[in-house]
Amino acid sequence: LAPTGCRLAMEPGRVVVGGVLDVPGATMYEKMRHLWDHADELRMFTLREPRGYPALCSNVILPPTRPEADAGFVIMEQVEYPGMSGSNTICVVTVLLETGMVPMREPVTELTLEAPAGLIRVRAECHDGKVTAVTFRNVPAFAIHLDAPIEVPTLGTVTVDVAYGGMIFAIAEAAQFGLRLTPDEGRDIVRITELVKAAGREQLPAVHPEQPGFSGVTIGQLSGPPSGPDADMRNVVTVSTGELDWERPSTWTGVIDRSPCGTGTCARMATLAARGRLRPGDDFRHEGILGTVFTGRILEETRVGPYPAIVPTLSGQGWITGMGSLVVDPTDPFPEGYTVGDLW
């Protein structure tokens with residue numbers, strides 16, 4: 001494999017640009033399902049130790065199935081294949097343009113990507129061969145549950161929103177747990193978010209009405225006030241790295257998204273729009289745990305099945321951090337990599 005490393009608002013992403021020619025499937029969603037069901041060793045190979053680590057995501061560039069798309073990609077995370085990811089989209093755009101896989105046109109390059117969740121229209125600002133900003137039109141985002149009470153072991157009754165922004169999020173206010181969403185709280189953030197996510201998945205049904213393959217809460221977000229005037233809200237998303245067993249707290253495993261999370265920002269915008277706090281044309285500056293910011297905007301209102309929805313854009317920047325090859329020796333006892341409980 002020929003991967004390129006990309007850092008997006010401090011979130012590391014791997015972009016596989018060689019070694020995988022194509023994957024069976026008539027759509028990018030079908031290609032994603034084929035990898036998940038029949039070739040999951042690729043995900044493990046690129047994300048697990050010794051080639052990866054818990055906070056890493058991976059993307060495979062594939063030929064698109066739609067004629068209007070310039071490239072397709074499948075997103076791989078530690079325990080799932082998301083339909084869409086904002087940070088990974090920006091990583092993919094940066095790599096495609098800065099390596100010349102898609103021609104760069106300065107000062108603006110417009111292109112279309114095909115993600116498993118649908119077509120993503122992209123506007124990339126470029127200068128001297130560098131992508132300086134990426135803005136993309138995401139798939140519609142919508143709230144599924146608002147102010148829903150759930151019962152969470154060790155935490156009691158917790159109020160959450162459930163919303164889709166490319167993934168299905170359980171979103172909870174951090175203040176109800178006494179958290180300020182700062183790096184020193186990382187261990188508590190992960191533990192609480194994983195508990196809330198698992199309880200939300202069990203107690204609050206959530207299915208995308210037009211893409212039923214996307215169902216159930218799979219990721220959690222804690223939300224709070226910003227640290228300063230440069231953002232409107234602060235959030236921390238926890239990406240799961242293993243399954244959660246209520247009887248064994250040591251299995252509550254996850255890792256904090258180092259970026260402000262693109263799909264999480266779109267899901268949060270959908271909940272704010274559902275409450276009348278964001279409207280078309282409004283910008284929304286969403287801060288992550290390191291103080292970096294993604295800027296979202298509502299382009300228009302729409303509907304997805306029975307749900308009022310928004311069409312959001314998201315803006316951010318990525319930086320290529322390295323290029324290289326991943327290999328596996330035929331005598332390697334762990335060809336798919338491994339996880340160990342001290343980190344995972």
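## Two cis prolines

Let's start with Pro50, which sits in the loop between helix 2 (41-47) and strand 3 (57-62). The peptide bond joining Glu49 and Pro50 is cis, with omega at about 5°. Keep in mind as you look around that this is a predicted model.

There is another cis bond to find, running from Glu106 to Pro107, and here omega is near 10°. Pro107 also belongs to a loop, the one between helix 3 and strand 5 (108-115).

## Two residues with positive phi

Now look at Asp128, in the loop between strand 6 (118-127) and strand 7 (130-137). Asp128 isn't a glycine, yet its phi is positive, at about 55°. Is Asp128 buried or exposed? Its relative accessible area is 65%, and anything over 50% counts as exposed, so Asp128 is exposed.

You'll find Thr154 in the loop between strand 8 and strand 9 (156-164). Thr154 is not a glycine either, but has a positive phi of about 75°. With a relative accessible area of 63%, Thr154 is exposed.

## Aromatic rings

How many aromatic pairs does a search of the whole structure find? The search turns up five. In one of them, the ring centres of Phe142 and Tyr307 are 5.2 Å apart and the planes are at 10°; planes under 30 degrees apart count as stacked, so this pair is stacked.

This pair links distant parts of the chain: Phe142 is in strand 8 (residues 141-152) and Tyr307 in strand 16, 165 residues apart. Phe142 counts as buried, because its relative accessibility is 0%. Tyr164 joins in too, as ring pairs link Phe142, Tyr164 and Tyr307 into a cluster.

The relative accessibility of Thr313 is 11%, and the cut-off for buried is under 20%, so Thr313 counts as buried. Which residues does Thr313 contact, leaving aside neighbours within four places in sequence? They are Thr135, Phe136, Arg137, Thr295, Gly296, Arg297 and Leu299.

Thr182 is in a loop, between strand 10 (168-173) and helix 4 (186-203). Thr182 is buried as well, with a relative accessible area of 16%. Its side chain makes a polar contact of 2.6 Å with the side chain of Asp184. Not counting residues up to four places away in sequence, Thr182 touches Ile189, Arg234 and Ile289.

## Empty space inside

Rolling a probe the size of a water molecule over the atoms shows where empty space is left. In this structure, the search finds three cavities of 30 Å³ or more. The largest cavity has about 80 Å³ of space. Of the 13 residues lining the largest cavity, Glu77, Ser85, Ser87, Asp257 and Cys261 are the closest to its centre. Helix 3 (86-98) and helix 5 (262-274) are the elements that give two or more residues to this lining. Sorted by class, the lining has five nonpolar, five polar and three charged residues.

The second largest cavity holds about 50 Å³ of space. Its lining includes Glu11, Pro54, Leu56, Cys57, Glu77, Val239 and Asp257. What classes do the residues of this lining divide into? Seven are nonpolar, one is polar and three are charged.

How values were computed
Residues numbered from 1 in each chain as written. Predicted model: local features only at pLDDT ≥ 70, side-chain atom pairs only at ≥ 80, totals over all residues. Heavy atoms only, no water. Buried < 20%, exposed > 50% of the residue type's maximum accessible area, 1.4 Å probe, protein only. Contact = heavy atoms within 4.5 Å. Phe/Tyr/Trp six-rings, centres within 6.5 Å; stacked < 30°, edge-to-face > 60°. Helix = DSSP H or I, 4+ residues; strand = E, 2+ residues; numbered from the N terminus. 1 Å grid on protein atoms, 1.4 Å probe; cavity = no way out; pocket = protein on both sides within 12 Å on 5 of 7 lines; lining within 4 Å. Points joined across faces, edges and corners; volume = space filled by probe spheres on them. Nonpolar A, V, L, I, M, F, W, Y, C, P; charged D, E, K, R; others polar. Polar contact = N/O pair within 3.5 Å; in protein donor to acceptor, adjacent residues only side chain to side chain.
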